[in-house]
Amino acid sequence: MNKKVFIMEYFKNKDNLLPDTKDLLNAIGEALGGKSELCFYHPSKHKTLKSHLKKNANFLISRICLNDLKDLDLYFDFLRELSSKNIQIYTHPDTMLNLDFKDVLVGLKDTPMGEESTCFYKNFEEFTQGFPPILRNEEFRVLKNNYGHLGENVYLVKFINSNQRVECIEALNNKSIKFSSIYEFLKFFEPKFKPTCKNKVYSSLKAGFVSCKYLPRISEGEISIILVKDRVVGIIKKTPKDKQFSTTLSSGANHIFESPLLGKYRNIVEFALDGLDHIEPLCKDGEFPLLWSMDFILDGQDGLDKRYILSDINCSCVDVSQHLSYCKDAATALEELL
């Protein structure tokens with residue numbers, strides 16, 4: 001039987017596909033002579049889909065945002081079982097657990113792309129003990145929910161020494177919330193540490209917040225490196241609106257797609273590629289994701305010594321709808337694997 005490459009979306013998107021899914025499907029179909037098919041994951045119907053994929057798939061590309069799932073355990077077990085039947089999964093759940101959560105920044109903090117003060121608070125007790133002293137000392141700090149999406153539950157936190165007040169700004173929309181004291185801020189944050197779903201992996205291993213150094217040069221923008229496997233295929237320069245904190249589109253940031261061959265990006269491209277040596281051990285069987293991204297922010301003063309700091313990795317569902325040539329790059333990579 002001639003097996004196919006399947007692209008899988010969440011069932012809720014059946015009538016409203018992600019903007020680039022059809023283009024990815026068509027690019028793969030064109031490269032492989034029509035051997036591509038679209039399918040939908042539904043938690044209550046996963047057994048039927050699993051049976052179909054076992055019979056007909058040799059590759060499965062999942063385009064499901066983990067933040068949309070209420071039961072990661074079920075989803076990951078679904079993917080692992082398919083992988084055990086020699087179906088190549090992009091991205092394998094073990095790789096997603098290592099890379100797609102913000103605590104990857106903690107794991108990489110002692111590498112050239114990391115920042116040494118990065119830490120992870122797995123519960124509210126750790127947060128109340130560890131965060132206030134470092135906030136008072138640095139006055140600015142960034143908190144990231146371990147699995148956030150599109151800037152949701154990612155905060156710039158400011159401590160104002162003159163009146164001991166706290167302000168936090170959410171990256172989702174640059175909305176500011178002000179507190180009369182650190183104590184009031186901590187009370188606001190306490191519910192965010194409570195699990196929102198019955199999910200063993202998330203609640204026992206991944207719930208919590210990552211604390212990062214604030215990098216003021218975020219006002220100049222964030223550079224997203226788009227990769228197909230271990231090859232850089234594109235650059236997205238994300239510039240905040242009015243030099244604010246957030247680089248999300250929902251906050252009004254500007255995203256410009258550019259070629260990685262441009263001279264101005266030579267250093268960051270080389271830096272990202274050098275960093276793959278540290279990321280490869282975190283990938284299942286050393287297999288890099290098919291289509292993924294690494295985001296970087298400049299550290300240091302403008303015009304003086306500077307270096308890039310890794311701020312995020314996305315390997316579960318990268319949006320390339322504004323530059324569909326990346327779909328052809330992914331299709332070519334699959335063709336080479338076959």
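This is a predicted model: local features need pLDDT of at least 70, side-chain atom pairs count only at pLDDT 80 or more; totals for chains, interfaces and linings use all residues.
Entry on lysine 54. I looked up its accessibility and found 29%, so lysine 54 counts as partly exposed. Its partner is glutamate 81, and the closest N and O atoms of this salt bridge are 2.7 Å apart. Because glutamate 81 lies in helix α3 and lysine 54 in helix α2, the pair ties together parts that are 27 residues apart in sequence.

Entry on glutamate 81. I recorded a second salt bridge here, to lysine 50, with 2.8 Å between the closest N and O atoms. This pair spans 31 residues, from helix α2 (residues 46-56) to helix α3 (residues 72-84). Glutamate 81 is partly exposed at 30%, whereas lysine 50 is buried at 12%.

Entry on the strands. I then examined aspartate 295 and lysine 238, a salt bridge with its closest N and O atoms 3.5 Å apart. Aspartate 295 belongs to strand β14 and lysine 238 to strand β12, 57 residues apart. Aspartate 295 is buried, with a relative accessible area of 7%, and lysine 238 is buried as well, at 14%.

Entry on the whole structure. My search returned 17 salt bridges.

Entry on surface charge. I located a patch of negative charge formed by Asp230, Glu270, Asp274, Asp277 and Glu280. Aspartate 274 sits in helix α9 (residues 266-279) and is exposed, at 54%.

Entry on domains. I noted 34 Å between the centres of domain 1 and domain 3, taken over C-alpha atoms.

Methods:
Residues are numbered from 1 along each chain as its sequence is written. Side-chain values use heavy atoms; hydrogens and water are left out. Domain bounds come from an automatic or database domain assignment. Patches are made of residues with over 30% relative accessible area and no salt bridge: like charges are joined within 9 Å, nonpolar side chains (Val, Leu, Ile, Met, Phe, Trp, Tyr) within 5 Å. Accessible areas come from the Shrake-Rupley method with a 1.4 Å probe; for residues, only the protein chains shown count as cover. A salt bridge is a side-chain nitrogen of Lys or Arg within 4 Å of a carboxyl oxygen of Asp or Glu. Lys and Arg count as positive and Asp and Glu as negative; His and the chain ends are not counted. The place of a charge is taken as NZ of Lys, CZ of Arg, CG of Asp or CD of Glu. Helices (H or I, at least four residues) and strands (E, at least two) are DSSP runs, numbered from the N terminus. Buried means under 20% relative accessible area, exposed over 50%, partly exposed in between (1.4 Å probe, protein chains only).
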